[in-house]
Amino acid sequence: MNPLLYTDGYKVDHRRQYPNQTTLVYSNWTPRKSRINGIEKVVFFGLQYFIKKYILQDFQTNFFNKPKEEVCKQYSRRINNYLGENQVGIKHIENLHDLGYIPMVIKALPEGTEVPIRVPMFTMYNTLPDFFWLTNYFETLLSTTVWLPCNSATIAKQYRKILDQYALETSSTPEFVDWQGHDFSMRGMAGLEAAELSAAGHLLSFTGTDTIPAIDFLETYYNANADEELIGGTVAATEHSVMCMGTNDGEQETFKRLITDVYPNGIVSIVSDTWDLWKVLTEYLPNLKEEVLARDGKVVIRPDSGNPVDIICGNPNGKTKKEQKGVIELLWETFGGITNEKGYKELDSHIGAIYGDSITIERATQICERLKQKGFASTNVVLGIGSFTYQYNTRDTFGFAMKATYGEVDGIGREIFKDPITDDGTKKSAKGLLKITLEDGEYKLYDQVTWEEEQQGELREVFRDGELIIDEKLSNIRERVQNFTNELATI
């Protein structure tokens, strides 16, 4: 498909709506508002994918490399059938094809950095006067591509902050947090690209994932190499169909077969609530204690239904002692473990737990806090983070928008802005050319600056006139995202 058709219908004729003699449009991409309590900075991620996939790959393959007559005919047919016979014209499309590249500058902050609300993450503007219309023509495609990885990277980092904090307070293995947040979201995301973008954002903060395509995504677009670094990984795990096929009456034998015959060593995660989680914890596992402890590896128990906080930590109002104790305490009673130097209990290394259904930031915090109150280290449990976390968000979660703030008409600059009188201030934009500075470790916006001042800020040219200038590695982006861990360690 002609990538110039990857846009909203109202965009196609904006070229004629700008003032006559318009020669430049300068726009920015900014998170304007947070709708998640406690998050006032957003992780920037996904622009490099957008540039490589769409500006370079798709435009080269499906526009510039195809005969001009073919792409123009396709464009005309679609627009005329869509809008009716109109005056949009085709000359500007022909001119772009003749040029052979996208005449645009994109300047951005480094991906992986946390950007305060209302501070732009990147700006873009045309480099040739005839193509002023291209800047905001890209708004739709940019928006639909970039908001999701920013959202998921931000939310993953919030999980990471919580888990790091509790691990530092209660655990002897804070490095385990790399695996403590595990991505289970793929099946619940809105298509494969959404799953890849979101899972890649997750992998900036964690290494646990069941979204295999995210690894290829990061190798393709972020210079990762699975032969040389750990991009993401998982463990052997069952599902309910496996357990059901073993039958209710034979569930203990299914457990035994899995941990002694199929997986005599290594980590194996076993769904344990197909019928009666409490029977698994108080009958089957005690009966298999010797087999579990004899393995060279860990058996991970996976509940999958109910209130995650109460299931893992115990429900004080539960009907039975088993329910009141919860998974971790019941595992401790059977398998024991150690009390670490911080005074918290850690399960024997042969046994563990994971909960992967309906986990939220609030529930993750509650699980860690209630384990701490009971005297258990937070790292006794892995949390499966799924589409309940990553799909229940929109562009409005952080109020993302691409807005023009400067333009030039007949060679004269115009500072432009929007500030709707009926709005609460969220939609009020910056004005004019923009400069981002780094002051005391935090990005700060200055608007209405000169071109000379605009060149001096923290925004770096990442793309110019058909060429990618900065080609980041996953390892560098991860390092920026995970700086918070180092900050915690110094407290």
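Predicted model: local features only at pLDDT ≥ 70, side-chain atom pairs only at ≥ 80, totals over all residues.
Colleague: What percentage of the residues in the chain is buried?

Modeller: A residue is counted as buried when its relative accessible area is under 20%. The chain exposes about 21600 Å², with carbon and sulfur atoms supplying 46% of that area. Of the 491 residues, the buried share is 52%.

Colleague: What share of the contacts with a separation of 6 or more is made by residues 24 or more positions apart?

Modeller: A contact here requires heavy atoms within 4.5 Å. One example of residues in contact is the pair tyrosine 101 and Asp465. Across the chain, residues 24 or more positions apart account for 77% of the contacts in question.

Colleague: How far apart do the centres of the positive and negative side chains lie?

Modeller: The chain carries 70 negative side chains and 52 positive ones. The centres of these two sets are separated by 4 Å.

Colleague: Why are the buried residues of α9 on the same side of the helix?

Modeller: Helix α9 spans residues 213–221, and its buried residues are Ala214, Ile215, Phe217, Leu218 and Tyr221. Because they cover an arc of only 160 degrees around the axis, they lie on the same side of α9. In general, an α-helix has 3.6 residues a turn, so residues three or four places apart point the same way. The arc asked about is therefore only 160 degrees.

Colleague: Which helices do the buried residues of α9 pack against?

Modeller: The buried set of α9 includes Phe217 and Leu218. The packing partners of this set are α2 (47–64), α8 (192–202) and α19 (474–481).

Colleague: Is asparagine 223 buried, partly exposed or exposed?

Modeller: Asparagine 223 follows α9 and is found in the loop between α9 and β8 (236–237). Its phi is positive, about 55 degrees, although the residue is not a glycine. Because its relative accessibility is 31%, asparagine 223 counts as partly exposed.

Colleague: Is aspartate 440 buried or exposed?

Modeller: Aspartate 440 lies in the loop between β17 (433–439) and β18 (442–449). Its phi is near 55 degrees, a positive value in a residue other than glycine. The cut-off for exposed is over 50%. With a relative accessibility of 85%, aspartate 440 therefore counts as exposed.

Colleague: Which residues is tyrosine 101 in contact with, leaving aside its neighbours within four places in sequence?

Modeller: Tyrosine 101 sits in the loop between α4 (91–99) and β3 (104–108), and at 25% relative accessibility it counts as partly exposed. Its C-alpha atom is 8.5 Å from that of leucine 56, a residue 45 places away in sequence. With those neighbours set aside, the contacts of tyrosine 101 are Phe64, Leu96, Leu128, Asp465 and Gly466.

Colleague: How far apart are the end C-alpha atoms of residues 4–58?

Modeller: An unreviewed UniProt entry places "domain: Nicotinamide phosphoribosyltransferase N-terminal" at residues 4–58. Over this span the chain is 29% helix and 24% strand. Its end C-alpha atoms are separated by 10 Å.

Colleague: How far apart do the end C-alpha atoms of residues 181–466 lie?

Modeller: For residues 181–466, the unreviewed UniProt entry lists "domain: Nicotinate/nicotinamide phosphoribosyltransferase". This span is 34% helix and 23% strand. The distance between its end C-alpha atoms is 38 Å.

Key: Residues numbered from 1 in each chain as written. Heavy atoms only, no water. Buried < 20%, exposed > 50% of the residue type's maximum accessible area, 1.4 Å probe, protein only. Areas by Shrake-Rupley, 256 points an atom, 1.4 Å probe, with all protein chains shown as cover. Lys, Arg positive; Asp, Glu negative; His and termini not counted. Charge placed at Lys NZ, Arg CZ, Asp CG, Glu CD. Helix = DSSP H or I, 4+ residues; strand = E, 2+ residues; numbered from the N terminus. Arc of directions from axis to C-beta. UniProt positions renumbered as here; feature names shortened; annotations may be inferred.
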